[in-house]
Amino acid sequence: MEPMTGFFMNFGLDSIGQKQGESDRIERYRAARTVAAGSIDAADCALLLELLGLEPKDGFTVRDR
C-alpha cells in the first residue's frame with residue numbers, strides 16, 4: 001500500500017494522522033533511549049548520540065524535563 005501524501009501533507013500530518021514534528025520527536029526519543037541502553041558507559045553514550053546527531057535531551061519526555 002502506498003503512503004498517503006497529498007491530503008495529509010497539506011496539513012502537516014503523516015498517514016496515521018500524527019503531526020510530522022511529533023513523529024520526529026518520538027523517533028529521536030526512541031533512538032536516544034536505544035543508544036543509552038546499549039552504551040557501555042556515559043562517554044560511550046555521549047559519543048554515539050553525537051555521531052547520530054542526537055542530544056541527551058532527546059531521550060527525555062516532557063514530563064522528565
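Mentor: We will take the overall layout, then the core, the loop, the salt bridges and the surface.

Trainee: What kind of model is it, and how are residues numbered?

Mentor: This is a predicted model, where local features need pLDDT of at least 70, side-chain atom pairs count only at pLDDT 80 or more, and totals for chains, interfaces and linings use all residues. Residues are numbered from 1 along each chain as its sequence is written, and side-chain values use heavy atoms, with hydrogens and water left out.

Trainee: How many helices and strands does the chain have?

Mentor: There are 3 helices and 0 strands, and the pattern along the sequence reads α-α-α. Helices (H or I, at least four residues) and strands (E, at least two) are DSSP runs, numbered from the N terminus.

Trainee: What share of the chain is buried?

Mentor: Of the 65 residues, 17% are buried. Buried means under 20% relative accessible area, exposed means over 50%, and partly exposed is in between, with a 1.4 Å probe and protein chains only.

Trainee: Which residues make up the largest nonpolar core?

Mentor: That core has 5 residues: Ala32, Val35, Cys45, Leu49 and Leu54. Helices α2 (20-38) and α3 (42-51) are the elements that each give two or more residues to this core. A nonpolar core here is a set of buried Ala, Val, Leu, Ile, Met, Phe, Trp, Tyr and Cys residues joined through side-chain atoms within 4.5 Å.

Trainee: Take Leu49. What does leucine 49 contact beyond its sequence neighbours?

Mentor: Setting aside neighbours within four places in sequence, leucine 49 is in contact with Ala32, Val35, Leu54, Glu55 and Pro56. Contact means heavy atoms within 4.5 Å.

Trainee: Different topic. What is aspartate 41 doing in the loop between α2 and α3?

Mentor: Aspartate 41 caps the N-terminal end of α3, with a side-chain oxygen 3.3 Å from the backbone nitrogen of alanine 43. A polar contact is a pair of N or O atoms within 3.5 Å; within protein, one must be able to donate a hydrogen and the other to accept it, and residues adjacent in sequence count only if both atoms are side-chain atoms. Aspartate 41 has a relative accessible area of 44%, so this residue counts as partly exposed.

Trainee: Serine 39 is in that loop too. Is serine 39 buried or exposed?

Mentor: Serine 39 is buried, at 16% relative accessibility. A polar atom of the serine 39 side chain lies 2.5 Å from the backbone oxygen of valine 35. Not counting residues up to four places away in sequence, serine 39 touches Asp44, Cys45 and Leu48.

Trainee: What about the other end of α3?

Mentor: Just after α3, glycine 53 takes a positive phi of about 75 degrees.

Trainee: How many salt bridges are in the whole structure?

Mentor: A search finds 3. A salt bridge is a side-chain nitrogen of Lys or Arg within 4 Å of a carboxyl oxygen of Asp or Glu.

Trainee: Which one links distant parts of the chain?

Mentor: Aspartate 58 pairs with arginine 28, with the closest N and O atoms 2.9 Å apart. Aspartate 58 is in the segment after α3 and arginine 28 is in helix α2, 30 residues apart. Aspartate 58 is buried at 13% relative accessible area, whereas arginine 28 is partly exposed at 26%.

Trainee: And the others?

Mentor: Arginine 25 and glutamate 22 meet at 2.8 Å, N to O. These two are 3 residues apart in helix α2, so about one helical turn separates them. Glutamate 55 and lysine 57 meet at 3.7 Å, N to O. Glutamate 55 is partly exposed at 41%, and lysine 57 is partly exposed at 46%.

Trainee: Last one: where is the nonpolar patch on the surface?

Mentor: Leu47, Leu48, Leu51 and Leu52 form that patch, with about 390 Å² of accessible area together. Patches are made of residues with over 30% relative accessible area and no salt bridge; like charges are joined within 9 Å, and nonpolar side chains (Val, Leu, Ile, Met, Phe, Trp, Tyr) within 5 Å. Leucine 48 is in helix α3 and is partly exposed at 32% relative accessibility.

Note on methods
Areas by Shrake-Rupley, 256 points an atom, 1.4 Å probe, with all protein chains shown as cover.
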